[in-house]
Amino acid sequence: MPTPLHAPSPGDAPHIPADTDDAGWPDAPGDTALTIHVPEADPLVRTPARAHVTVLYPFLPLSRVTGETDEALRGLFSAVPAFTLTFGELCRWPGVLYLAPSPADPLRALTKALRQRWPEAVPYRGIFGAEGLDPHLTLASGAGTDDIPDAGFRPHLPLRAPVTEVRLIVSDGAGTPWRDVRGYALGTA
C-alpha cells in the first residue's frame, strides 16, 4: 500500500456522516465485509457485534460474490500464512474504545491485496479517506463510550489470537446483525 492505513489522532478523529444509522454505518441489505473473528475478545466487547478485526468493509455486494469471486478469495487467502495477533494496547477515538492489534502489517497486507484485486471496494466507503482506518478491534462505540473506564479491560490484556481464516459476512440492512456467509482458510496453498 503506498501509504499506511490512517489512524485518526484525537485532533482528526473519525467523522461519521449524518446519513449513517444508529450503529454508525450506512449498511444496506447485501453489504458484505471480510473480517477476522477474535473469540478471545468476545467477553470484552460492548457492542452487538462479536469481536472482530475488519479486513475490508464494505467488500462487494453479496449479489456480486460469484463462484469466480469465491475462488479468487480462496486463492488469495490460501497463499497467506496463518499468523497470531496480540492485543495489548487499549486505545480511544472520540466515541470509540478499541484494541490495537500487533503486528498490524499482515492485516494491512490482506487489505492491500484485496484492494488491488477489487479496487471498487473502498474501505469504509471512503468516509475516512481512500485508505480507511488502521486495523482495530472495537470494544465499544457510541454515546457514553468516552466515560467507560479502562480498568475493566486492562486486567484481560494482552490477548493473543491465532488468525487462521477470514470470514465473509453479510448485512440484511441497518440495525440487523451481520451473519456469516463463509470462511476462507489461511495458509492452505
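Residues are numbered from 1 along each chain as its sequence is written, and side-chain values use heavy atoms, with hydrogens and water left out. Because the model is predicted, local features need pLDDT of at least 70 and side-chain atom pairs count only at pLDDT 80 or more, while totals for chains, interfaces and linings use all residues.

**The whole chain**

Begin with the protein chain coloured by its elements, which are two helices and eight strands, where helices (H or I, at least four residues) and strands (E, at least two) are DSSP runs numbered from the N terminus. Followed from the N terminus on, the elements run β-β-α-β-β-α-β-β-β-β. Of the 189 residues, 43% count as buried, a word that here stands for under 20% relative accessible area, with exposed for over 50% and partly exposed for what lies in between (1.4 Å probe, protein chains only). Contact means heavy atoms within 4.5 Å, and among contacts with a separation of 6 or more, 72% are accounted for by residues 24 or more positions apart.

**Helix H1**

Select residues 67-78, which form helix H1. The expected span of a helix is 1.5 Å times one less than its number of residues, so the 12 residues of H1 should span 16 Å, and the end C-alpha atoms, 16 Å apart, agree with this. Within H1, the buried residues are Thr-69, Asp-70, Leu-73, Leu-76, Phe-77 and Ser-78; what covers them includes strand S1 (32-37), H2, strand S7 (165-170) and strand S8 (179-185).

**The nonpolar cores**

Next, select Leu-34, Phe-59, Phe-77 and Leu-137, the residues with the most contacts inside the largest nonpolar core, which has 39 residues. A nonpolar core is a set of buried Ala, Val, Leu, Ile, Met, Phe, Trp, Tyr and Cys residues joined through side-chain atoms within 4.5 Å. Strand S3 (residues 83-93) gives the most to this core, with four residues. A second, separate core of 11 residues includes Trp-93, Tyr-98, Leu-133 and Ile-169. If you then centre the view on Leu-34, its contacts beyond four places in sequence include Phe-59, Leu-73, Phe-77, Leu-114 and Tyr-184.

Where is the largest cavity lined, and by which residues closest to its centre? Select Thr-54, Val-55, Thr-111, Tyr-124 and Leu-133, which are the closest to the centre among the 15 residues of the lining. A cavity is a set of points on a 1 Å grid over the protein atoms alone where a 1.4 Å probe fits but cannot get out, and lining residues have an atom within 4 Å of a point; grid points are joined across faces, edges and corners, and a volume is the space filled by probe spheres set on the points. About 110 Å³ of space lies in the largest cavity. Strand S2 (52-56) and helix H2 (105-117) each give two or more residues to the lining, and S2 gives the most, with three.

Finally, select Arg-167 in strand S7, which is buried, with a relative accessible area of 16%. Its C-alpha atom is separated by 6.0 Å from that of Ile-36, 131 residues apart along the chain. Then turn to Arg-160 in strand S6 (residues 159-163), which is exposed, with a relative accessible area of 58%. Leaving aside neighbours within four places in sequence, Arg-160 is in contact with Glu-40, Thr-84, Leu-85 and Thr-86.

Note on methods:
1 Å grid on protein atoms, 1.4 Å probe; cavity = no way out; pocket = protein on both sides within 12 Å on 5 of 7 lines; lining within 4 Å.
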